[in-house]
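Me: Could you walk me through a protein chain, one question at a time? I would like to see how each answer is reached.

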Amino acid sequence: MKTFQFMQTGRCSWKFLVVRVASMRGTTLCKLLLVWPGPEPMKNMSHLALFARKWCPSTHTLEPFQEVIVEHSSPLELKQKISEVSGIPVGRVEFAKGRGSFPCDISILELQEELDWNPNVTVLSVWPLYICDDGAVIYYRDSEEKSTPLSEERKREIQQEESAKYVKTSSQSTSRRASSPAESSSQQ
């Protein structure tokens with residue numbers, strides 16, 4: 001379940017995102033507060049709010065998420081919106097939908113080859129995209145930016161960095177769960 005609630009005060013918009021998150025003990029309802037520095041860009045509930053993230057194949061890096069609002073669910077409109085936030089000309093924008101649920105983590109070593117870049121569709125709601133709801137993650141790139149080959153040593157470094165990030169995230173989650181008041185009172 002994803003619900004957006006909007007409230008505008010002065011020059012800032014407040015956006016509450018309510019999502020259901022699966023946990024070891026069942027489903028949990030979470031409410032996140034996001035603050036926009038200007039007026040809310042989503043004017044109609046039929047619009048889609050997507051999270052776009054630039055893939056830079058020449059440096060093998062990902063840039064931070066950016067919100068992109070599409071009104072008509074067309075791939076061309078999505079490319080136009082990505083072009084607006086990135087500065088990449090529309091004709092050079094390539095995109096792919098992230099797999100799984102937010103934040104759709106994927107290894108940098110697999111990103112270039114494993115995603116379905118530039119699917120041949122006329123609307124976003126059909127296979128292989130199935131973008132029908134807010135919150136989908138879209139990776140994009142500049143078609144003229146070429147991938148540089150990685151040495152075996154650099155590949156190992158990336159794998160170690162990604163493994164360390166995964167271990168850190170999962171250990172933080174485990175330690176929070178173990179130290180929660182509900183957990184400690186049920187053990188007594």
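Reply: Happy to! Contact means heavy atoms within 4.5 Å. This is a predicted model, where local features need pLDDT of at least 70, side-chain atom pairs count only at pLDDT 80 or more, and totals for chains, interfaces and linings use all residues. Residues are numbered from 1 along each chain as its sequence is written, and side-chain values use heavy atoms, with hydrogens and water left out.

Me: Of the contacts in the chain with a separation of 6 or more, what share comes from residues 24 or more positions apart?

Reply: Take the contacts whose partners have a separation of 6 or more, then pick out those from residues 24 or more positions apart. Their share is 55%.

Me: Is Leu-129 buried or exposed?

Reply: Buried means under 20% relative accessible area, exposed over 50%, and partly exposed in between (1.4 Å probe, protein chains only). Leu-129 lies in the loop between helix H2 (108-114) and strand E7 (137-142). Its relative accessible area is 2%, so Leu-129 is buried.

Me: Glu-77 is buried, so which side chain of opposite charge is nearest?

Reply: Lys and Arg count as positive and Asp and Glu as negative, while His and the chain ends are not counted. A salt bridge is a side-chain nitrogen of Lys or Arg within 4 Å of a carboxyl oxygen of Asp or Glu. Glu-77, found in helix H1 (residues 75-86), has no salt bridge, and the nearest side chain of opposite charge, 4.7 Å away, is Lys-81.

Me: Which backbone nitrogen lies 2.7 Å from a polar atom of the side chain of Glu-77?

Reply: A polar contact is a pair of N or O atoms within 3.5 Å; within protein, one must be able to donate a hydrogen and the other to accept it, and residues adjacent in sequence count only if both atoms are side-chain atoms. The side chain of Glu-77 reaches the backbone nitrogen of Ser-73 at 3.5 Å. The backbone nitrogen at 2.7 Å is that of His-72.

Me: Are the rings of Phe-51 and Phe-102 stacked, edge-to-face or tilted?

Reply: Rings of Phe, Tyr and Trp (its six-membered ring) pair if their centres lie within 6.5 Å; planes under 30 degrees apart count as stacked, over 60 as edge-to-face and the rest as tilted. By this rule there are three aromatic pairs. Phe-51 and Phe-102 have ring centres 5.1 Å apart and planes at 50°, so the pair is tilted.

Me: How many residues apart are the two members of that pair?

Reply: Phe-51 is in strand E4 (residues 48-56) and Phe-102 in the loop between strand E6 (93-97) and H2. The pair links distant parts of the chain, and the separation is 51 residues.

Me: Over which ring does the charged end of Arg-53 sit?

Reply: A charge sits over a ring if NZ of Lys or CZ of Arg is within 6 Å of the ring centre and within 35 degrees of the ring normal. For Arg-53 the distance to the centre is 4.8 Å, and the ring belongs to Phe-65.

Key
Helices (H or I, at least four residues) and strands (E, at least two) are DSSP runs, numbered from the N terminus.
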